[in-house]
Amino acid sequence: MGEGINGDACLAAAPYDHWVLLGPAGGSPRPSARYKHAAQVVQDKLYVVGGSRNGRSLSDVQVFDFRTFTWSALNPTRDSNQLNLENNATGGSFPALAGHSLVKWKNNLVVVAGNTRSLSSSNKVSVWLIDVETNSWSAVDTYGKVPTARGGQSVSLLGSRLLMFGGEDNKRRLLNDLHILDLETMMWEEVKTEKGGPAPRYDHSAAVYADQYLLIFGGSSHSTCFSDLYLLDLQTLEWSQPDTQGAHIAPRSGHAGTMIDENWYIVGGGDNASGSTDTIVMNASKFVWSVVTSVSSRDPLACEGLTLCSTTVDGEKFLIAFGGYNGKYSNEIFVLKLKARNLVQPRLLQSPAAAAAAASVTAAYAVITATDEKTRDIVATDDFDIKKAQPASSSKKFVAEIDLVNGEKDKLESRLAEVRDENSKLKDKLDLANLSYGELAKELESVQNQLAAEGSRCQKLESQIAAARKRLESAGSLENELEVLRQQISQVEQTMASTQRQKSGGVWKWVAGSAEVDKQLGNRK
């Protein structure tokens, strides 16, 4: 990335196909750094709505004026007709949002879906309108089959219809459904497409080409990032995966894109390991990828969750990138002046089968007429009209074989998409099983610790019981000794009693003997 420019310099001085930092004039303060916001350019002004920073959703609306090169806060007020609505969780303030989408329609900025904690617990997609002329906002009541609430979806504008694809719902389930909102009637419609479409994903990018085709690129599941490209014919509702040519495109998610004429520009994103450093462009009429420019891996543009818009200044077309996260949040504006690219007539794709047949006819015609220098020049021309090609009869068999091969290819691609979808579901189940295993392991460890503590207590109790048994054994010997002593005491007592009896008899005998002597002495006298 080269030197930056500020409000004192002119955008015309920026080099072609090279990102430059656009600094505000006079040191004008920048808004809070953020990612997963939404942005659009309306009348030479860049409107930035919401976003996320440090896990907190933002509710502000910031405006950068390309005429004065200054930032300002919009602070829209709620439509007076809605101020007295019941169950109004946000009051007069615009709701805090992240992962939402933003499109420009008439005088309004239409805000669709996104993650928010400030609203009611409705599980349906919400829609808001910001009127940039009256500086007011309103919540819109929508009807029909309102889609499930989600974030990380893509929203594209086709006339007065919004095309919303994919995303991740509030239960972290990945989606690959397609819904259309008619902005005139505010009626939702779920579109059932043919099989073979993209696997469920979020943080991808989408664009409408030639008012007939919806392009889906990249994004991620919970386990991997994608680099695949899908095309939906909005008339036949058939999905296809066009064969692309040109530069190799690495998988990415969280990138941003914008369509200018037939060129789809994409910047930023990452693959869960590092940020994407290249700014790429695909020619939607030829499905050819090329790299516009590259930045270093530590550049703020090698980030996820940024926005990409376009504007025209003095006849020059510019890409405008804002915000993002690559280890730290950004609040910088980068601009890239686009070099003019050759415009070609769009290919008449019509449907996957028609596109394959047209390519086959072109190839056959080029082979048959290879010896004709004039015809070879016509085949090489970008504006070659397939309808004018009249293949020789000898090529019909060749074309039929190619159609057969293309049919088999479509079946294989459809099966591959189903396998990828099944793999994604299995991965989700595996993640859930791993989470359950981790919780069970923690519970097992807790039980094991409790068992160890109880085992230690048991050992202490066994020691105490052993000591008590020893004391009981000692008590038994004491009982024996005590019994012996009791017997000895009894014997002693018996001996003493006998002795006393013997002593008592001798005294009386002595007393009786003395009396007899006295009597005899008296008789003698």
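A search of the whole structure, a predicted model, finds 13 aromatic pairs (rings of Phe, Tyr and Trp, the last by its six-membered ring, with centres within 6.5 Å; planes under 30 degrees apart are stacked, over 60 edge-to-face and the rest tilted). F217 and W264 form an edge-to-face pair, with 6.4 Å from centre to centre and 80° between the planes. F217 belongs to strand β18 (residues 213-217) and W264 to strand β23 (residues 263-267), so this pair ties together parts 47 residues apart in sequence; strands (E, at least two residues) are DSSP runs numbered from the N terminus.

Y325 and Y329 form a tilted pair, at 4.6 Å centre to centre and 45° between the planes. Y325 is partly exposed because its relative accessibility is 33%, and Y329 counts as partly exposed at 22%. Ring pairs also join F64, F66, F69, W71 and F322 into a cluster.

Charges over rings were assigned where NZ of Lys or CZ of Arg is within 6 Å of the ring centre and within 35 degrees of the ring normal. R201 lies over the face of F226, 4.2 Å from the ring centre, and the charged end of K337 sits over the ring of Y16 at 4.4 Å from its centre.

With a disulfide taken as a pair of cysteine sulfur atoms within 2.5 Å, the count is 0. C225 is buried because its relative accessibility is 11%; C303, at 1%, also counts as buried.

Residues are numbered from 1 along each chain as its sequence is written, and side-chain values use heavy atoms, without hydrogens and water. In this predicted model, local features need pLDDT of at least 70 and side-chain atom pairs count only at pLDDT 80 or more, while totals for chains, interfaces and linings use all residues.

Conventions
Buried < 20%, exposed > 50% of the residue type's maximum accessible area, 1.4 Å probe, protein only. Helix = DSSP H or I, 4+ residues; strand = E, 2+ residues; numbered from the N terminus.
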